[in-house]
Amino acid sequence: KQWYQRRVAITAGGETADYQTMWVKNPTLEESEKIYHFTTLACSLNEPEEGVAPTDSRNRPDQRLMENQNYPDANVMKVRLEEGQRTRRRVRESKIAAEGPSAKYEPRWFTKKLDEITGEEIWRFTDEYWECKETQAWERCPTIYLQEEEEEKEEGET
């Protein structure tokens with residue numbers, strides 16, 4: 001087998017080495033060259049999921065348009081999303097300049113902590129996301145994907 005088809009762990013013991021297969025590549029998908037030779041796992045990573053945060057990257061309208069091979073509209077939407085992101089950043093920076101460091105942006109699902117082992121500053125997941133997902137309490141999420149405009153576009157296509 002080729003190196004990219006499986007991984008093994010080798011433990012030296014005496015004159016011979018024992019090995020254990022840790023991973024074996026799944027068979028290639030039919031016509032995989034049309035989907036950049038992605039695996040089944042890679043193809044499933046961007047599948048829509050009900051109940052995720054409105055800021056989840058799987059909700060990006062430009063990605064959906066691209067996946068549906070609507071490249072011109074996908075490019076237009078990507079530019080609009082990026083312009084919105086830049087505008088929000090400028091507003092945050094202006095607020096910090098006017099109000100001081102207390103107005104600094106805080107991530108929704110992570111807190112800054114000191115790593116107990118290394119002593120370095122790290123971002124630690126708070127698990128609050130799972131509580132919000134269970135109750136569908138997404139009020140703390142900003143609108144970043146222009147949902148209203150996307151829905152109007154979909155209505156126009158049907």
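Two strands pair if DSSP finds at least two bridges between them. I kept that rule at hand while going through this predicted model.

**Entry 1: the hairpin**

I looked up strands β3 (residues 110-114) and β4 (residues 121-125). Five bridges join them, and the two strands run antiparallel. I then asked which residue of β4 is the bridge partner of Leu 114. I found Glu 121 there. Six residues separate β3 from β4 in this hairpin.

**Entry 2: helix α3**

Next I checked helix α3, residues 71-99. I noted 29 residues and a reach of 42 Å from the first C-alpha to the last. That is close to the 42 Å expected at 1.5 Å a residue. Which residues of α3 are buried? I listed Ala 74, Met 77 and Leu 81. I looked for what covers them, and α2 (61-67) is included. Just after α3 comes Gly 100, where I read a positive phi of about 95°.

**Entry 3: nonpolar cores**

I went to the largest nonpolar core and found seven residues in all. They are Val 52, Ala 53, Trp 109, Tyr 129, Cys 132, Trp 138 and Cys 141. I picked Cys 132 and set aside its neighbours within four places in sequence. Cys 132 is then in contact with Trp 109, Ala 137, Trp 138 and Arg 140. Another core, of five residues, lies apart from the largest one. Its members include Leu 65, Ala 74, Leu 81 and Tyr 145. I had already met Ala 74 and Leu 81 among the buried residues of α3.

Most residues other than glycine have a negative phi. I therefore wrote down the exceptions I came across.

His 37 has a phi near 60°, a positive value, and is not a glycine. I placed His 37 in the loop between β2 (16-24) and α1 (40-44). Is His 37 buried or exposed? Exposed means over 50% relative accessible area. His 37 has 53% relative accessibility, so I count it as exposed.

Gln 69 also gave me a positive phi, near 60°, in a residue other than glycine. I located Gln 69 in the loop between α2 and α3. Its relative accessibility is 61%, so Gln 69 counts as exposed too.

Conventions
Residues numbered from 1 in each chain as written. Predicted model: local features only at pLDDT ≥ 70, side-chain atom pairs only at ≥ 80, totals over all residues. Heavy atoms only, no water. Helix = DSSP H or I, 4+ residues; strand = E, 2+ residues; numbered from the N terminus. Expected span 1.5 Å × (residues − 1). Buried < 20%, exposed > 50% of the residue type's maximum accessible area, 1.4 Å probe, protein only. Contact = heavy atoms within 4.5 Å. Core = buried A, V, L, I, M, F, W, Y, C linked by side-chain atoms within 4.5 Å.
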